[in-house]
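Welcome, and thanks for taking a look at this one. Please open the sequence and the model side by side before reading on.

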Amino acid sequence: MRDGYLVGFETVLMTDHETHSYDVLVIGAGGAGLRASIEASAQGASVGLVCKSLLGKAHTVMAEGGVAAALANVDERDSWKVHFADTMRGGQYVNDWRMAELHAREAPDRVHELEAWGAVFDRTKDGRILQRNFGGHKYPRLAHVGDRTGLEMIRTLQDHGIHQGIEVHMECTITRLLLDSGRVSGAFGYEREHGRFRVFKAKAVVIATGGFGRAFSITSNSWEYTGDGAYLALEAGADLMDMEYVQFHPTGMVWPPSVRGILVTEGVRGEGGVLRNSEGRRFMFDDIPEPYRATTADNEEEGWRYTQGDREARRPPELLTRDHVARCIRREVREGRGSPHGGVFLDIAWIKDRVPGGAEHIKRKLPSMYHQFKQLAGLDITEEPMEVGPTTHYAMGGIRVDADTQSSTVPGLYAAGEAAAGLHGANRLGGNSLSDLLVFGKRAGEYAARFAADQVETSVDQAQVEAAVTEALEPFARHQADGAGREGPYQIQFDLQETMQDLVGIVREESQLEESIERIRALQERAAVVGASGNREYNPGWHTALDLRGLLAVSEAVARSALLRRESRGAQFREDYPDKDPELGKTRLFVRRAADGGLEIERAPVPEVPDNLQQVIEENG
Ligand code: FAD
């Protein structure tokens with residue numbers, strides 16, 4: 001038998017893996033991973049880049065609305081200070097202030113750098129990068145290319161990176177990090193196509209694996225986002241942070257059922273789209289929270305004026321923060337004023353009569369949205385309103401990192417992009433993720449390379465590799481032991497997604513969270529004995545069985561953190577504690593693996609914002 005065709009557990013030889021050696025190994029090839037790889041390589045490190053799917057197929061490529069950076073091209077009043085204040089306010093002041101500062105200061109340079117590397121952007125009349133409005137940003141700030149900004153970013157980063165000698169390992173899933181005397185020494189994974197194993201020896205590792213939306217049943221995230229990075233870090237001894245803050249984007253498709261959850265970009269509202277209930281009313285005017293009253297239109301006329309391009313007018317309430325808009329939509333649906341398929345209406349067609357070019361303008365500004373609805377729902381958005389509802393979108397929580405270097409609490413282990421926590425606090429502003437992954441991808445690559453340069457050769461412990469092989473093959477071994485009676489992974493994954501959606505969703509409550517934790521524990525017991533049939537050649541059942549461990553651990557971290565946070569803040573809304581608690585607002589939650597194998601949660605103070613930056617917030621908030 002040839003290696004890749006081995007069927008079961010007993011037949012595997014420990015020689016059944018390839019070994020690769022790098023200074024820096026980057027796990028994940030979205031924007032954060034690519035930017036980290038480019039930087040590490042520019043520092044002279046040899047770099048290996050591993051991704052679970054094909055290169056170029058990552059969340060970053062799906063990003064539509066744009067990348068936030070205070071370029072001040074459309075409104076000269078914008079500056080890093082206003083961007084910083086907006087990010088802190090959006091994050092409800094529990095952001096890592098230093099990350100928010102670095103992000104706001106460095107994002108313009110990262111966008112200009114991308115432009116210099118060949119990225120195409122929509123332009124202002126005088127040829128500068130055009131910027132659009134987005135929720136929570138005081139001024140038009142999102143550099144964009146229609147609604148295909150992520151595609152352009154990935155294309156540019158790939159083109160640039162490919163010439164730097166980075167070795168790419170596609171369709172390879174990492175399942176374990178390897179350690180040498182407490183510091184990271186590499187990673188272990190399997191090839192999705194042939195099921196062969198790979199060992200990566202590395203002096204430093206950057207995790208850039210994105211989020212974990214697949215823990216929920218309605219999500220904009222694709223199949224890859226099973227929380228692998230957070231799980232890998234947790235098992236290696238690193239801390240996770242802010243896990244209770246999961247962003248539910250207000251506008252996902254709700255119909256037909258097969259496409260439920262697919263994102264409808266905030267760019268639609270940024271271009272003038274308005275939300276209505278079944279009575280035809282713009283319900284977002286009903287509830288404008290105090291901190292936003294001064295900047296938000298409070299009547300239809302003012303809201304119209306804004307959407308027609310009067311930049312002095314106050315912003316329409318459709319562009320309030322995502323958590324708020326999502327809860328308002330949920331309220332309309334619950335109170336019987338929803339659309340036929342359980343959402344509300346999002347209307348961009350109305351701007352047709354008010355903009356030069358009419359329907360063509362909409363198609364040009366939102367080409368992906370036009371095709372998405374035409375092809376998936378048979379609906380022309382230049383003629384009819386869309387039906388939309390909330391969808392699980394983004395993880396603010398993730399691996400705890402140092403703001404400047406992006407190093408985790410494990411020496412040699414770094415994290416960037418959606419896999420890392422801190423920048424966005426309790427809620428992320430749209431557009432701040434693409435800038436996050438550019439700013440902190442670069443920093444992670446730079447500091448990982450510096451760390452690697454200071455290391456002598458690392459060694460890979462064969463016992464750890466053998467344990468990783470055994471663990472990866474356990475689902476087959478169990479299936480072989482008792483055949484068809486063994487439960488497969490899909491029902492467990494489905495049950496988890498339903499649990500998270502129903503009990504740990506947009507609105508949370510003590511008894512429901514407690515029930516979710518009970519259910520997750522029961523699912524963990526089922527997952528611990530899950531089986532996989534067939535062989536190791538492209539076998540989604542086996543892959544899902546392995547993904548379950550991370551999905552369940554991350555879900556437990558989310559539910560338990562949400563239970564401990566007895567307050568409502570940003571994306572965490574507790575029906576039983578609907579207000580902010582000033583004391584809890586000074587506390588963040590770190591999650592780590594305890595000695596008994598369970599998860600332990602430590603309460604730690606949110607570092608205080610220094611006076612000079614507090615002043616920036618007060619002057620620009
Ligand atoms: P990703 O781009 O998600 O890449 C993760 C990589 O990790 C992939 O290559 C994956 O294959 C790999 N991976 C995962 N697990 C493993 C493993 N175990 N082993 C090996 N590889 C692994 N943000 C904005 O700022 N502006 C927007 O307009 C915007 N629009 C969005 C639209 C959609 C539909 C979605 C889903 C998100 C949007 N976001 C937007 C959010 C933003 O796109 C993501 O947060 C961001 O792209 C994450 O980038 P990343 O590099 O951290 O991870």
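Predicted model: local features only at pLDDT ≥ 70, side-chain atom pairs only at ≥ 80, totals over all residues.

**Helices H5 and H12**
- Helix H5 covers residues 149–162 and helix H12 covers residues 432–453; their axes lie 11 Å apart, at an angle of about 15°.
- Angles under 35 degrees count as roughly parallel, so H5 is roughly parallel to H12.
- The handedness of the H5 and H12 crossing is left-handed.
- On the H5 side the contact is made by Thr149, Met153 and Leu157, and on the H12 side by Leu434, Leu437 and Leu438.
- Sorted by class, the contact of H5 with H12 comprises five nonpolar residues, one polar residue and no charged ones.

**Helices H3 and H17**
- Helix H3 (residues 80–90) and helix H17 (residues 611–620) cross at roughly 90°, and their axes come within 9 Å.
- With 65 to 115 degrees counting as roughly perpendicular, H3 and H17 are therefore roughly perpendicular to each other.
- From H3, the residues Trp80, Lys81, Val82, Phe84, Ala85 and Met88 meet Leu613, Val616, Ile617 and Asn620 from H17.
- Eight of the residues in the contact of H3 with H17 are nonpolar, one is polar and one is charged.

**Helices H13 and H16**
- For helix H13 (residues 462–482) and helix H16 (residues 540–564), the axes come within 10 Å and the crossing is at roughly 125°.
- That angle makes H13 oblique to H16.
- The crossing of H13 and H16 is right-handed.
- H13 brings Glu471, Ala472, Leu473, Pro475 and Phe476 to the contact, while H16 brings Trp542, Ala545, Leu546 and Arg549.
- The contact of H13 with H16 holds seven nonpolar and two charged residues, with no polar ones.

**Ligand surroundings**
- The ligand is surrounded by 39 residues, and the closest are Thr60, Gly65, Glu224, Asp228 and Glu418.
- In the side chain of aspartate 228, an N or O atom is 2.7 Å from a nitrogen atom of the ligand.
- Lysine 52 takes part through its backbone, where an N or O atom lies 3.1 Å from a nitrogen atom of the ligand.
- Leucine 434 has a polar backbone atom 2.8 Å from an oxygen atom of the ligand; Leu434 is also one of the H12 residues in the contact with H5.

**Backbone details**
- As background, most residues other than glycine have a negative phi, and most peptide bonds are trans.
- Alanine 72 is not a glycine, yet its phi is positive, at about 60°.
- Alanine 72 sits in the loop between strand E3 (67–68) and H3.
- Tryptophan 255 and proline 256 are joined by a cis peptide bond, with omega near 0°.
- Proline 256 belongs to the loop between strand E11 (246–253) and helix H7 (267–270).

Technical notes
Residues numbered from 1 in each chain as written. Heavy atoms only, no water. Axes fitted to C-alpha atoms, helices over the stretch in contact; angles between N-to-C directions. Helix = DSSP H or I, 4+ residues; strand = E, 2+ residues; numbered from the N terminus. Parallel < 35°, antiparallel > 145°, perpendicular 65-115°, else oblique. Left-handed = near helix turned anticlockwise from the far one by under 90°. Contact = heavy atoms within 4.5 Å. Nonpolar A, V, L, I, M, F, W, Y, C, P; charged D, E, K, R; others polar. Near = heavy atom within 4 Å. Polar contact = N/O pair within 3.5 Å; in protein donor to acceptor, adjacent residues only side chain to side chain.
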